[in-house]
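Welcome! Let's take a friendly walk through a protein model, one part at a time. Please keep the structure open beside you as you read.

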Amino acid sequence: MVPSNENHALADAMVENVPFDELQIGQTASLTRKVERTDIQAFAAVSGDTNPVHMDEAYAETTLFKGIIAHGMLSAALISSVLGNQLPGPGSIYLEQGMRFFRPVHVGDTLTVSVTVISKNEAKKQAEFDCLVLNQKGEKVVSGVARILVPTEKLRVPKISAP
């Protein structure tokens with residue numbers, strides 16, 4: 001039986017977590033996103049980081065990057081998006097994030113962000129995730145390890161659109 005469009009749209013409007021007991025070593029999730037100038041401007045507005053390398057085209061052209069680059073923490077926020085929305089998903093709580101930045105993200109770069117479960121702590125209901133951000137050329141932009149408090153109960157909640 002094929003679901004109706006209405007039911008399919010409703011299913012698409014929901015997001016479900018992966019509770020601790022269902023989480024498997026090696027399990028992975030990812031997203032791909034093109035970074036636009038408006039993303040950098042919005043991140044600057046939220047964070048207050050208006051470093052001219054992110055905001056001033058004339059200045060940024062004089063740097064070794066030869067143009068505007070995204071905030072490094074914008075890549076970190078995309079890692080947070082995967083962890084909070086997909087794996088483990090809703091109800092997850094960030095405890096720790098180590099990161100190393102390898103190359104800048106330029107306006108127009110397409111990032112693929114992936115997280116992979118690398119360990120689980122049964123007693124604390126925590127898991128560690130390998131985090132990796134690659135650009136459209138397959139080059140490493142950011143890598144690190146996150147430690148997450150993983151929900152123990154299944155959650156299925158409406159997907160909330162960002163303002």
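This report looks at a pair of helices, a nonpolar core, a histidine and some salt bridges in a predicted model.

## Two helices that cross

Two packed helices are described by the angle between their axes and the distance between the axes. Here, helix H2 covers residues 37-47 and helix H5 covers residues 72-85. Their axes are 10 Å apart, and the packing angle is about 95 degrees. Angles from 65 to 115 degrees count as roughly perpendicular, so H2 and H5 are roughly perpendicular to each other.

Which residues make the contact? On the H2 side they are Asp39, Ile40 and Phe43, and on the H5 side they are Met73, Leu74 and Ala77. Five residues of this contact are nonpolar, one is charged, and no polar residue takes part.

## The nonpolar core

The largest nonpolar core of the model has 31 residues. Leu23, Ile79, Leu87, Val115 and Phe129 are the ones with the most contacts inside it. Which elements give two or more residues to this core? They are the helices H2 and H5, together with strand E2 (28-34), strand E4 (110-121), strand E5 (126-134) and strand E6 (140-149). Helix H5 gives the largest share, five residues.

Leaving aside residues up to four places away in sequence, Val115 touches Ile79, Leu87 and Phe129, among others. Its other partners include Gln27, Thr28, Ala29, Val82 and Leu83, as well as Asp130 and Cys131.

## A histidine in a loop

Now find His71, in the loop between H4 and H5. Is His71 buried or exposed? Its relative accessible area is 2%. Buried means under 20%, so His71 is buried.

Not counting residues up to four places away in sequence, His71 touches Ile40, Phe43, Ala44, Asp49 and His54.

## Salt bridges

Side chains of opposite charge can pair when their charged atoms come close. How many salt bridges does the structure hold? There are eight.

One of them joins Arg156 to Glu16, with the closest N and O atoms 3.9 Å apart. Arg156 lies in strand E7 (residues 156-158) and Glu16 in strand E1 (residues 14-16), so this pair, 140 residues apart, links distant parts of the chain. Arg156 has 49% relative accessibility and counts as partly exposed. Glu16, at 37%, is also partly exposed. Both residues belong to a network of salt bridges that also includes Glu22 and Lys154.Another salt bridge joins Arg37 to Glu57, with the closest N and O atoms 3.7 Å apart. Arg37 is in helix H2 and Glu57 is in helix H4 (residues 57-61), 20 residues apart. Arg37 is partly exposed, with a relative accessible area of 28%, and Glu57 is partly exposed at 36%. Lys125 and Glu122 also meet in a salt bridge, at 2.4 Å from N to O. Lys125 is partly exposed at 24%, and Glu122 is partly exposed at 47%.

Notes:
Residues numbered from 1 in each chain as written. Predicted model: local features only at pLDDT ≥ 70, side-chain atom pairs only at ≥ 80, totals over all residues. Heavy atoms only, no water. Axes fitted to C-alpha atoms, helices over the stretch in contact; angles between N-to-C directions. Helix = DSSP H or I, 4+ residues; strand = E, 2+ residues; numbered from the N terminus. Parallel < 35°, antiparallel > 145°, perpendicular 65-115°, else oblique. Contact = heavy atoms within 4.5 Å. Nonpolar A, V, L, I, M, F, W, Y, C, P; charged D, E, K, R; others polar. Salt bridge = Lys/Arg side-chain N within 4 Å of Asp/Glu carboxyl O. Buried < 20%, exposed > 50% of the residue type's maximum accessible area, 1.4 Å probe, protein only. Core = buried A, V, L, I, M, F, W, Y, C linked by side-chain atoms within 4.5 Å.
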